[in-house]
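Here are my notes after going through the model you sent over. Have a look at the structure first, then read the points alongside it.

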Amino acid sequence: MRITTIGATATAVAVLASPITSTPTPATAPVLAVPAASVVSKPAKAASVHGEARISYIESVHDDIRFTIHAEQTPFTRPMPPTAPEGLPTDARGTLKFSHSRGEVTGWAEATVDCLVTSGRTATLTAVVTKSNVEEPGARLGISVQQGGKGKPDRLGFSWGVVNVDPENIDENGQLVRPQAGSCMAPAPFTTVIKGGYKVIHAEITKSPTQPEPAPHHS
């Protein structure tokens, strides 16, 4: 995969004990217990990032570069035997699209999201290319998103261009070959959104079902 100029541009009810006194308690109607089946619990929040934006990239300030992201975490839905037969807590689904136009030339790609992890207003995800005129099908792309706040713009980073370079990895023509991005691996969001934006929903990652509970600590 060669580096190109235009390219893969998450109800415990607290019961307060009252002091016991000898004061008689007025008679009250009996309290009926609510059947457990009738208690509706809210579904667990899922980490996600959605949005579409144009960015400003220092290496291509006059180019039109856009990213559309719709990703949601779906823990333990991508089995990876034998090391992770249930999958990972960061498994995800969704789509990534980008386009990079310079004059009359446009590089573009569509990819399927496979991993997502969040922290506050920041999300990191990866997606595997399905269609593109600049990337090879099967290539994994890394994206980071930071939702702005207090008047600050959103930001975005991507795993090509000025990052993810291995100086020892060159092809037969002496050109640098971009290493494959691992799942959920992406740089810090180093570009600025100048149009549009993203919404990041944070959720803590889910504990692996096969991992044992930590042993109790005895002092």
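This is a predicted model: local features need pLDDT of at least 70, side-chain atom pairs count only at pLDDT 80 or more; totals for chains, interfaces and linings use all residues.

1. Eight strands make a closed barrel in the order 1-2-3-4-5-6-7-8, and the pairing is antiparallel. On average, neighbouring strands of this sheet are turned by 30 degrees against each other, ignoring direction.

2. Strand 2 (residues 64–73) pairs with strand 3 (residues 92–102) in the antiparallel sense, over ten bridges. If you want a pair to click on, Ala71 has Gly94 in strand 3 as its bridge partner. Strand 3 is in turn joined to strand 4 (residues 105–119) by eight bridges, again running antiparallel. There, Thr95 stands opposite Thr112 in strand 4.

3. Do look at the turn between strand 3 and strand 4. The two strands form a hairpin with two residues between them. Gly103 sits in that turn and has a positive phi of about 65 degrees.

4. Now the charges. Side chains of opposite charge can pair when their charged atoms come close. How many salt bridges does a search of the whole structure find? It finds five. Arg54 and Asp64 form one of them, with their closest N and O atoms 3.7 Å apart. Arg54 lies in strand 1 (residues 48–56) and Asp64 in strand 2, so this pair ties together parts that are ten residues apart in sequence. Both ends count as partly exposed: Arg54 has 23% relative accessibility, and Asp64 has a relative accessible area of 22%. Arg54 and Asp64 also belong to a network of salt bridges together with Arg66.

5. Glu72 and Arg93 form another salt bridge, and here the closest N and O atoms are 3.5 Å apart. This pair links distant parts of the chain, with Glu72 in strand 2 and Arg93 in strand 3, 21 residues apart. Glu72 is partly exposed, because its relative accessible area is 29%.

6. Then there is the salt bridge between the side chains of Arg140 and Asp114, at 2.9 Å from N to O. Arg140 is in strand 6 and Asp114 in strand 4, 26 residues apart, so we have another link between distant parts of the chain. Is Asp114 buried or exposed? It counts as buried, because its relative accessibility is 10% and the cut-off for buried is under 20%.

7. Gln73 deserves a point of its own. This residue is in strand 2 and is buried, with a relative accessible area of 5%. What does the side chain of Gln73 have 2.7 Å from one of its polar atoms? The backbone oxygen of Leu116 lies at that distance.

8. Val117, in strand 4, is 45 residues from Glu72 in sequence, with the C-alpha atoms 9.4 Å apart. Val117 counts as partly exposed, at 26% relative accessibility. The other pair is Pro189 and Thr122, 67 residues apart in sequence and 8.8 Å apart from C-alpha to C-alpha. Pro189 is found in the loop between strand 7 and strand 8, and it is buried, with a relative accessible area of 16%.

9. Last, the surface. Which residues make the nonpolar surface patch of about 230 Å²? They are Val165, Ile170 and Leu176. Leu176 is found in the loop between strand 7 (155–158) and strand 8 (191–201). At 32% relative accessibility, Leu176 counts as partly exposed, and a patch residue needs over 30%.

Conventions. Residues are numbered from 1 along each chain as its sequence is written. Side-chain values use heavy atoms; hydrogens and water are left out. Patches are made of residues with over 30% relative accessible area and no salt bridge: like charges are joined within 9 Å, nonpolar side chains (Val, Leu, Ile, Met, Phe, Trp, Tyr) within 5 Å. Accessible areas come from the Shrake-Rupley method with a 1.4 Å probe; for residues, only the protein chains shown count as cover. A salt bridge is a side-chain nitrogen of Lys or Arg within 4 Å of a carboxyl oxygen of Asp or Glu. Helices (H or I, at least four residues) and strands (E, at least two) are DSSP runs, numbered from the N terminus. Buried means under 20% relative accessible area, exposed over 50%, partly exposed in between (1.4 Å probe, protein chains only). Two strands pair if DSSP finds at least two bridges between them. Axes are lines fitted to C-alpha atoms, for helices over the stretch in contact, and angles run from 0 to 180 degrees between N-to-C directions. A polar contact is a pair of N or O atoms within 3.5 Å; within protein, one must be able to donate a hydrogen and the other to accept it, and residues adjacent in sequence count only if both atoms are side-chain atoms.
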